[in-house]
Amino acid sequence: MNGLVDLQAHDLLVHRLKKRLQEIPAAVKKLEGDARKEEEALAELDRKFKHEEVTQKEKELEIKSGEEEVKKLQKRLMEVKTNKEYTALIHEIDSTKVRISQLEEEALRLMDSVQDFRRRREEVRKNQDKKKSAIQASINALREEETAARQALEAEEKKRPVLASVVSRETLRTYEQVLNKKADHKALAAVKAGVCKGCQMRLPTVTIDQLHKGTDLIICENCSRILYLED
Ligand SMILES: [Zn+2]
């Protein structure tokens, strides 16, 4: 029975190592996805910012052309012959100036927003740097764990034939049959104070007696696990 307990402990360890080796690549992939999302968020912020910056430059160009227009109109003012023409020009100059001052206000507002953006972007970037290095640290830890698990698995798998050789062929067959049916990969159940630790059921006295005799393999009637007495 001791041999079987050792084999079960070994098989459980191998099962857990294999499961972990399956989980790690997916976990790494998820973390890499998280890092990419961070970068995309910053790129999106930059696109919005670029748009504001371009709009601000356009406003400044509009202001410049408005000012040139005013200069031209003022020059024409000196060449006008009639009062009517003069009044029309003055009116045009005034409305251009009004438009310019509106544009200036808009440009100023955009400049504020651009500056505000620069500050915000810097904060976001710093925050992301922290997040990204934390993500990278997690990825590195997972990769180290993966290497260690692979090495441990390789070493463990070599031990199995030795451990199995101590157990009789018939017992081994029963053990493996039960093992294949158990999702938790536990074919053995310890018995403590008359209770099967595999399913928490109280066992009949006759079963306990049989266990004490220790001649046959005893199966729990409730959970079908191979029972053994824990010292
Ligand atoms: Zn049981």
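Reply: Happy to! One definition before we start: a helix here is a DSSP run of H or I at least four residues long, a strand is a run of E with at least two, and both are numbered from the N terminus. Please also keep in mind that this is a predicted model.

The protein chain holds four helices and three strands, and along the sequence they come in the pattern α-α-α-β-β-α-β. With a radius of gyration of 40 Å, well over the 17 Å that the globule rule gives for 231 residues, the protein chain is more spread out than a compact globule. Its C-alpha trace spans about 130 × 35 × 25 Å along the principal axes, and 9% of the 231 residues count as buried. The chain is divided into domain 1 (20-158) and domain 2 (171-229), whose centres, taken over C-alpha atoms, are separated by 67 Å.

How does strand 1 pair with its partners? Strand 1 (residues 188-192) meets strand 2 in the antiparallel sense over two bridges, with Val-191 standing opposite Cys-196 in strand 2. Strand 1 and strand 3, in contrast, run parallel and are joined by four bridges; here Ala-189 has Leu-227 as its bridge partner in strand 3.

Now follow the chain from strand to strand. The hairpin of strand 1 and strand 2 has two residues between the strands. In that loop you find Ala-193, which has a positive phi of about 50° although it is not a glycine. Most residues other than glycine have a negative phi.

Lys-197 counts as partly exposed, with 19 C-beta neighbours inside 10 Å. Leaving aside residues up to four places away in sequence, Lys-197 touches Ala-189, Ala-190, Val-191 and Lys-192. Lys-197 and Leu-227 are 30 residues apart in sequence, yet their C-alpha atoms are 9.0 Å apart in space.

Next is helix 4 (residues 205-213), which is hardly covered: the count of buried residues among its nine residues is zero. Gly-214 follows helix 4 and has a positive phi, near 70°.

The loop between helix 4 and strand 3 also contains Ser-224. Ser-224 is not a glycine, yet its phi is positive too, at about 60°. With 15 other C-beta atoms within 10 Å, Ser-224 is partly exposed.

Key. Residues numbered from 1 in each chain as written. Predicted model: local features only at pLDDT ≥ 70, side-chain atom pairs only at ≥ 80, totals over all residues. Domains from an automatic or database assignment. Buried ≥ 20, exposed ≤ 12 C-beta atoms within 10 Å, placed from the backbone. Pairing = 2+ DSSP bridges. Rg over C-alpha atoms; globule rule 2.2 N^0.38 Å. Contact = placed C-beta atoms within 7 Å.
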